[in-house]
Amino acid sequence: SVVENNLLEEKRYNYLAAVWRIKKDSQIHFGLAYTDISTGVFMATEIEDGNWDTLANELLRLSPAEIILPHDLFDEEFFQLRLKENGVHISRAYDDSFLRNNITEILQIHFGVASLEALGLQSYPTAAAAAATVLDFLQHTQKRSLKYIDDIKLYNTSQYMIIDAATRRNLELTETIRGNKRKGSLLWVCDNTLTAMGARKLRDWIEKPLLNSVPINRRLDAVSELIDNSVLFDELRGHLKEIYDLPRLMGRISYGNISPRDLLSLKKSLQSLPAIFALLGRLSSEL
């Protein structure tokens, strides 16, 4: 896994993912978990109908750099053909039987919790299995503390509009049909972000359109309030220009490979945060 700044594209995540399959209540469930160790992001979901298309669409949306599979999934045609042709590296999980018997312990020890309930995973054993697979793989390969990955967020694919790979490509959401270029895509048109974190967030939102009107209106209210407060908006943008990629800086600190230049970037970012929080405190919408 990569944490070096010069090897990462700052405006997108670099995901390591794992998929697990469990039969639950006479039905096949897929668990999917993924992390970007350069930022500490860790997400998990469970696809309860065992639908290969739903799993495929989610994986192709994520475009993980590498995916870890247990032995019963490794030789599946979908992974060997469809994902490999999209440039995804596929690896086997280290020890299926160990993982199957130690899912709860792996997660409890890493996150320092007494039960899966504290992580919201108690009713999602397949998602928990996928998450444990990711952590086990990282512990084998990274040989260092991963304590900065200190939270896992569970989400449901039904919260977002499902867009299949062909439609995503034809809509040119994040890259063009011809040449697979960012320039000319919807993301390129919309992206006026000033920080790497903002750029990654915007990409995530474009790739996962919301279905529920409540969070949609919450976002619109925030945008409207900023537009109506043009002086505050311009001042906020001025401070955001001073913010470097904080999650990746923190990741490199945890990895012990931070440079003097990185530390100066961190210092400059931290000096700008109080002014940003003060400005946000004058707004009533949820940002």
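In which sense do strand S1 (residues 16-24) and strand S2 (residues 27-36) pair, and over how many bridges? The pairing of S1 and S2 is antiparallel and runs over nine bridges, where two strands count as paired if DSSP finds at least two bridges between them. Helices (H or I, at least four residues) and strands (E, at least two) are DSSP runs, numbered from the N terminus. The model is a predicted one, so local features are taken at pLDDT of at least 70 and side-chain atom pairs at pLDDT 80 or more, while totals for chains, interfaces and linings use all residues. Residues are numbered from 1 along each chain as its sequence is written, and side-chain values use heavy atoms, with hydrogens and water left out.

Confidence comes next. On pLDDT, the predictor's confidence in each residue from 0 to 100, the protein averages 89, and 97% of the residues score at least 70. Among the elements, the lowest mean, 75, belongs to helix H3 (residues 77-83), and the highest, 96, to helix H10 (residues 230-240).

Strands S1 and S2 belong to an open sheet of six strands, ordered S5-S4-S1-S2-S3-S6 with mixed pairing. Its edges are strand S5 (89-92) and strand S6 (153-154), each of which pairs on one side only. Within the sheet, Trp 20 has Gly 31 of S2 as its bridge partner.

The largest nonpolar core holds 32 residues, of which Phe 42, Leu 107, Leu 121 and Ile 152 touch the most other members. Such a core is a set of buried Ala, Val, Leu, Ile, Met, Phe, Trp, Tyr and Cys residues joined through side-chain atoms within 4.5 Å; buried means under 20% relative accessible area, with a 1.4 Å probe and protein chains only. Two or more residues each come from S1, strand S3 (41-47), helix H4 (96-111) and helix H5 (125-142), and H5 gives the largest share, 10 residues. Apart from this core lies another, of 25 residues, including Leu 32 and Phe 74.

Just after H11, Gly 256 takes a positive phi of about 75 degrees.

Helix H12 also contains Ser 269, which counts as buried because its relative accessibility is 0%. A polar atom of the Ser 269 side chain lies 2.9 Å from the backbone oxygen of Ser 265. Leaving aside neighbours within four places in sequence, Ser 269 is in contact (heavy atoms within 4.5 Å) with Glu 242, Ile 243, Tyr 244 and Leu 246.

Terms used
Buried < 20%, exposed > 50% of the residue type's maximum accessible area, 1.4 Å probe, protein only. Polar contact = N/O pair within 3.5 Å; in protein donor to acceptor, adjacent residues only side chain to side chain.
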